[in-house]
Amino acid sequence: MQDGKSSISKFLYTFIMVFIIWNAFTWPGSFADIQLAEVLTGAFVSLILGLLTNKYFSCCGLQVLMPHKIIFLVQYFFVFIIALIKANLDVAVRVINPALPINPGIVEIKTKLTNDFAKMILANSITLTPGTLTIDVIDDTMYIHWIDVATENPEEAFKEIAEPFEKVLLKIYG
Amino acid sequence: MEILRYIGYGLLVIGGIFLFLGALGIYRMPDLYNRLQAGTKATTIGAMSAILGVGFIEPAWMVKTIIIVIFIGIANPLSSHALARAAYKAGLKPIMKKKVDAYEKVQDIEVKEEVKL
């Protein structure tokens, strides 16, 4: 067993996440209105789900919840939100433009990430950023449909598409 | 809080605009992959913004709406990725002005038809 990857750590991670989500969904609006029965039911459900699903839900256990990693998660969130807004304005401008300025194609990029979960986050982020859509991930290669192909070179495409995300993800999962 | 209400209305309007643009994109784009591009991005931020707007108007629902927004952020790109991959595997060739297709070489099936832009 490696450190941070034991099933107890995975179970605790799953338990905490499910418990947070449960309480967020049953949030009554203020601390004074929280009902003990609600929270206890949540703890019970989280316990069962944590026992049953920790193998699939959690890749690396509690180490993802370390304080410095949470700081990087917040940083990632902001990088991502900015990219998301840019993506939408970009697509909106293309859609409104009468000439429909698109030059689509499929390019490949290589990622340095090894963790499956991190690859999923990267692929999802790429899908939500300007004009790119992840079609497939095979090992460390991602195939990306690009609405306006600027370069066919994998390294240059990587710089254009994925670099800001991968830098932060490497710090979290690397 | 009156100001939160107006922020909420603003977010609802922005969400509506983006959802409309997404629909327009689906209508105008030439093939499935480009339609997915327009569909995924515009509807993601449209739905996020509209749901957050509801959260601002009704502050008691705020936490719930944030969780729903996070789930949309995860589920939307996943589903569009699945659709695009399935379409390619089923033999639907993307429309291109100049042929740039790195994904072709890892296919083991015959592509049925080629469409020109």
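Which residues of H3(B) are buried? The model examined here is predicted; local features require pLDDT of at least 70, side-chain atom pairs count only at pLDDT 80 or more, and totals for chains, interfaces and linings use all residues. Residues are numbered from 1 along each chain as its sequence is written, while chains are lettered from A and ligands numbered from 1 in the order in which they are written.

In H3(B), the buried residues are B:Thr65, B:Gly73, B:Asn76, B:Pro77, B:Ser80, B:His81, B:Ala84 and B:Tyr88. A residue is termed buried if 20 or more other C-beta atoms lie within 10 Å of its own, exposed if 12 or fewer, and partly exposed in between, with C-beta atoms placed from the backbone. Helices (H or I, at least four residues) and strands (E, at least two) are DSSP runs, numbered from the N terminus. The cover over the buried residues of H3(B) includes H4, S2 and S3 of chain A together with H2 of chain B. H3(B) comprises 28 residues and reaches 41 Å from its first C-alpha to its last, close to the 40 Å expected at 1.5 Å a residue; the expected span is 1.5 Å times one less than the number of residues. B:Gly91, with a positive phi near 100°, follows H3(B).

Between the chains, 34 residues of chain A are in contact with 36 residues of chain B, contact being defined by C-beta atoms, placed from the backbone, that lie within 7 Å. On the side of chain A that touches chain B, H3(A) gives the most, with six residues. By class, this side has 22 nonpolar, nine polar and three charged residues. Ala, Val, Leu, Ile, Met, Phe, Trp, Tyr, Cys and Pro count as nonpolar, Asp, Glu, Lys and Arg as charged, and the others, Gly among them, as polar.

The largest nonpolar core holds 32 residues, of which A:Ile109, A:Leu122, A:Ile135, A:Ile144 and A:Leu169 touch the most other members. Such a core is a set of buried Ala, Val, Leu, Ile, Met, Phe, Trp, Tyr and Cys residues joined through C-beta atoms within 7 Å. Elements giving two or more residues to this core include S1 and S3 of chain A and H2 of chain B. S1(A) has five of its six residues buried and runs antiparallel to S3(A), to which six bridges join it; pairing requires at least two DSSP bridges. Within this pair, A:Val107 stands opposite A:Ile144.

Note on methods:
Two residues are in contact if their C-beta atoms, placed from the backbone, lie within 7 Å.
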